[in-house]
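Hello,

Here is the structure I promised to pass on to you. Have a look at it first, and then read on for what I found in it.

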Amino acid sequence: MSRLTDAVLARPSAAAKPVRTQSSARRFVVIDCETTGLSTAGGDRMVSFAAIELAEATPTGRCLSLIFNPGRKSNPHALRVHGLPDHLLRHQDPFHSVAQDIRGFLDGAVLVGHNVGFDIEFLRHEFRLCGIPWAPAQSLCTMQHARGQVAGRVSLDAVATLYGIDVGIRARFHGAFVDAEITSRLFQKMMLGSADMLAVPHLAPTNQIDPPPVVRHPAAPITHGIAGYAFAVTGELTGLSREAVMARILALGGSWHHSVRKDTDYLVVGHAPGATKLDTAAARRAKYGKPDTIDEAQFFAMVAASGGGRRS
């Protein structure tokens with residue numbers, strides 16, 4: 001367990017100094033998870049998990065922030081929520097590699113979450129797949145509590161904002177740890193009645209394995225334009241829809257391929273690229289010598305060389 005928690009224990013919050021959990025204090029663990037979709041029955045799996053320990057209303061400094069290889073792709077809606085691309089997740093260790101550590105962290109605690117039933121369902125599913133018996137001793141749901149306290153929407157953003165919690169960080173780091181940290185402060189204020197909402201420093205996944213680079217940088221800079229070359233795109237380019245990219249390529253004399261073919265010259269790699277196109281590009285390149293995988297900057301350099309500017 002220490003290898004998973006040491007990173008955050010070495011970085012205590014200026015607002016909330018770590019305290020030793022007392023046997024007489026109630027022990028809460030605020031949890032959140034991100035998944036490939038909404039249905040365990042449909043085979044969806046967990047892709048990230050976060051847990052923040054509190055003794056009464058005080059964060060102790062013990063936290064978990066983890067990501068996993070789910071063994072399947074995320075559906076498009078889930079990917080937009082958690083932002084963890086398939087090509088990143090496929091290089092991670094699976095849930096079972098840290099299952100016993102997670103269970104040890106949760107044991108004996110009251111689990112807290114915003115729609116905590118969802119998180120518990122996925123935890124129970126993952127533990128079951130590992131052959132590990134597990135059930136929470138007790139749980140508390142901030143969403144359910146909010147339904148009896150506030151009018152209107154009870155999403156995490158809405159309720160946290162109502163209680164004066166800044167949720168702007170979700171625009172920069174939307175993920176399990178961010179949501180758990182916001183829920184932790186909401187729980188302190190809304191359910192425990194704490195005058196101060198003590199924050200916990202953001203913790204990136206401590207078990208993340210960096211995948212190999214997906215963009216091949218050519219030996220010499222690309223100086224030619226778009227005309228005469230065939231392109232496919234995976235992921236999202238900044239400020240441009242897939243349709244706008246296709247229109248730009250066709251207008252500048254290039255060809256557009258919806259999938260990676262043996263005659264595709266370039267695969268443009270944007271944010272959250274798809275693993276299938278990356279794999280196909282690698283296989284095609286090994287057999288046919290192309291396509292090259294290029295990033296957004298390289299693509300727009302080719303657009304500029306064609307006299308097309310950078311944006312429409």
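Two residues are in contact when they have heavy atoms within 4.5 Å of each other. Please keep in mind that this is a predicted model.

Let's start with Val 268, which sits in strand β8 (residues 266–269). Which residues does Val 268 touch, not counting those up to four places away in sequence? They are Phe 231, Ala 232, Val 233, Thr 234, Leu 237, Ile 294, Asp 295 and Phe 299. Is Val 268 buried or exposed? Val 268 counts as buried because its relative accessibility is 0%, and buried means under 20%.

Next, the nonpolar cores. The largest one has 38 residues, and the members that touch the most others are Ile 31, Phe 49, Ile 102, Leu 106 and Leu 123. Several elements give two or more residues to this core, including the strands β1 (27–35), β2 (46–55) and β3 (58–67) and the helix α8 (176–191). Helix α5 gives the most, with five residues. If you pick out Leu 123 and leave aside its neighbours within four places in sequence, you will find it in contact with Ile 31, Met 46, Phe 49, Phe 95, Ile 102, Leu 106 and Trp 134. Apart from this core lies another, of 17 residues, and Ile 222, Ile 226, Ile 294 and Met 302 are among them.

Now for the charged side chains. How many salt bridges does the structure hold? There are eleven. One of them joins Glu 53 and Arg 62, at 3.0 Å from N to O. Glu 53 counts as buried because its relative accessibility is 2%, while Arg 62, with a relative accessible area of 24%, is partly exposed. These two residues also belong to a network of salt bridges that links them with Arg 27.

Arg 170 is worth a look as well. Its side chain meets that of Asp 157 in a salt bridge (2.6 Å, N to O). This pair links distant parts of the chain, with Asp 157 in helix α7 and Arg 170 in the loop between α7 and α8, 13 residues apart. Asp 157 is partly exposed, at 31% relative accessibility, whereas Arg 170 is buried, at 18%. Arg 170 also forms a salt bridge with Asp 179 (2.8 Å, N to O), and both of these residues are buried.

Enjoy exploring!

Best wishes

Terms used:
Residues are numbered from 1 along each chain as its sequence is written. This is a predicted model: local features need pLDDT of at least 70, side-chain atom pairs count only at pLDDT 80 or more; totals for chains, interfaces and linings use all residues. Side-chain values use heavy atoms; hydrogens and water are left out. A nonpolar core is a set of buried Ala, Val, Leu, Ile, Met, Phe, Trp, Tyr and Cys residues joined through side-chain atoms within 4.5 Å. Buried means under 20% relative accessible area, exposed over 50%, partly exposed in between (1.4 Å probe, protein chains only). Helices (H or I, at least four residues) and strands (E, at least two) are DSSP runs, numbered from the N terminus. A salt bridge is a side-chain nitrogen of Lys or Arg within 4 Å of a carboxyl oxygen of Asp or Glu.
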